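Thanks for coming. I have one structure to go through, so please look at it while I talk.

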Number of protein chains: 2
Amino acid sequence: MSDSPKEKLSCPFEKIYPSQLEKNDLFHMKLAYNQAIDAWNHGEVPVGAVVVKDEVVIAAARNQTENASDPTAHAEIIAITQACRTIGDWRLNDARLYVTKEPCPMCAGAILSARVGFVAFGAPDPAMGGLGGAIDVNAMPKANHRAEVVSGLMEQECLALVQGFFRAARSEKNNPSTASS
Amino acid sequence: MSDSPKEKLSCPFEKIYPSQLEKNDLFHMKLAYNQAIDAWNHGEVPVGAVVVKDEVVIAAARNQTENASDPTAHAEIIAITQACRTIGDWRLNDARLYVTKEPCPMCAGAILSARVGFVAFGAPDPAMGGLGGAIDVNAMPKANHRAEVVSGLMEQECLALVQGFFRAARSEKNNPSTASS
């Protein structure tokens, strides 16, 4: 047992190593899920995202808001920036974004700005979801782009991750010396 | 006369140099307006933003999407990131953001994520505005923050800037050799 903050925050969920033989939606969501676990291990709300084009992962990122002291450093924003840098173009029409939680309005807006063609998310977010959960940024009638959206991919796993993180954080806050023992 | 792309794109509008004796909303919007002119002079859609806290400008940014090949590099996103870095905190409750155009949903979402207390914008955007123009990200019932919003500050000047830019860009596209002569 250790009292170091890092160990207390270590994620109890295991990463998933999908077969490289099936590069489908589930495969890519598993990669996003692993990014979310990395986020937890860095003390961040566990959300992860990957961007895929022509079956190649062109970006993979985790939420970094706390460590970067930057509220815009959500996994999706970082992944979109990365993806555009990789292909040298800010238009991601042919790309597919996988993210473990429903994007917030900021990230849903970024998806539209980048013209991302396809988005799959895991856990829905009724309080802050920007793709139908709390508001639907993808439904603006005069917008010049609309993404194809699939929800609920690995929903239970992605939700368990976020809920587990907040439970651990509360436990840690209420009982700082024994929360992880 | 020159055919260089930079000269063709140079902004015909003048910067405004407000008196330092009146650090009110109009003063700060003029600083944002000057950032928008800088954006035009770099070949970008002219949008500028500043963030102010305790009457001190803690961030000033212009739209950089084209030059950065990054659809998330809107003036507001860059300004929020800068402001958080300046004060070492991702919470901007006591800060005031001034931006020449109504924030898109991405930027409106970032304003909420950063918990920006007050926002003033210039030109409304009925097609893509995220603070009531096309959708109101600030009105999500379960959100943990709501910003105070003032619209229409220097509306005519900010609108003229954006419309002038697109007119010049169209003219340049239709008649590349003489558009700026």
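A crossing is called left-handed if the near helix is turned anticlockwise from the far one by less than a right angle, and right-handed if clockwise. The model is predicted: local features need pLDDT of at least 70 and side-chain atom pairs count only at pLDDT 80 or more, while totals for chains, interfaces and linings use all residues. Residues are numbered from 1 along each chain as its sequence is written, chains are lettered from A in the order in which they are written, and side-chain values use heavy atoms, without hydrogens and water.

First, the helix pair. The crossing of α5(A) and α5(B) is left-handed. By class, that is six nonpolar, four polar and no charged residues.

Next, the core. A nonpolar core is a set of buried Ala, Val, Leu, Ile, Met, Phe, Trp, Tyr and Cys residues joined through side-chain atoms within 4.5 Å, where buried means under 20% relative accessible area with a 1.4 Å probe, protein chains only. The largest one has 70 residues, and Ile80(A) and Ile80(B) touch the most other members. Seven residues, the largest share, come from α4(B). Beyond four places in sequence, Ile80(A) touches residues including Leu92(A), Ala110(A), Pro71(B) and Thr72(B).

Last, Glu76(B), which lies in helix α4, residues 75-87 of chain B. Glu76(B) is buried, at 3% relative accessible area. Its contacts beyond four places in sequence include Val47(B), Lys101(B) and Cys107(B).

Key:
Helix = DSSP H or I, 4+ residues; strand = E, 2+ residues; numbered from the N terminus. Nonpolar A, V, L, I, M, F, W, Y, C, P; charged D, E, K, R; others polar. Buried < 20%, exposed > 50% of the residue type's maximum accessible area, 1.4 Å probe, protein only. Contact = heavy atoms within 4.5 Å.
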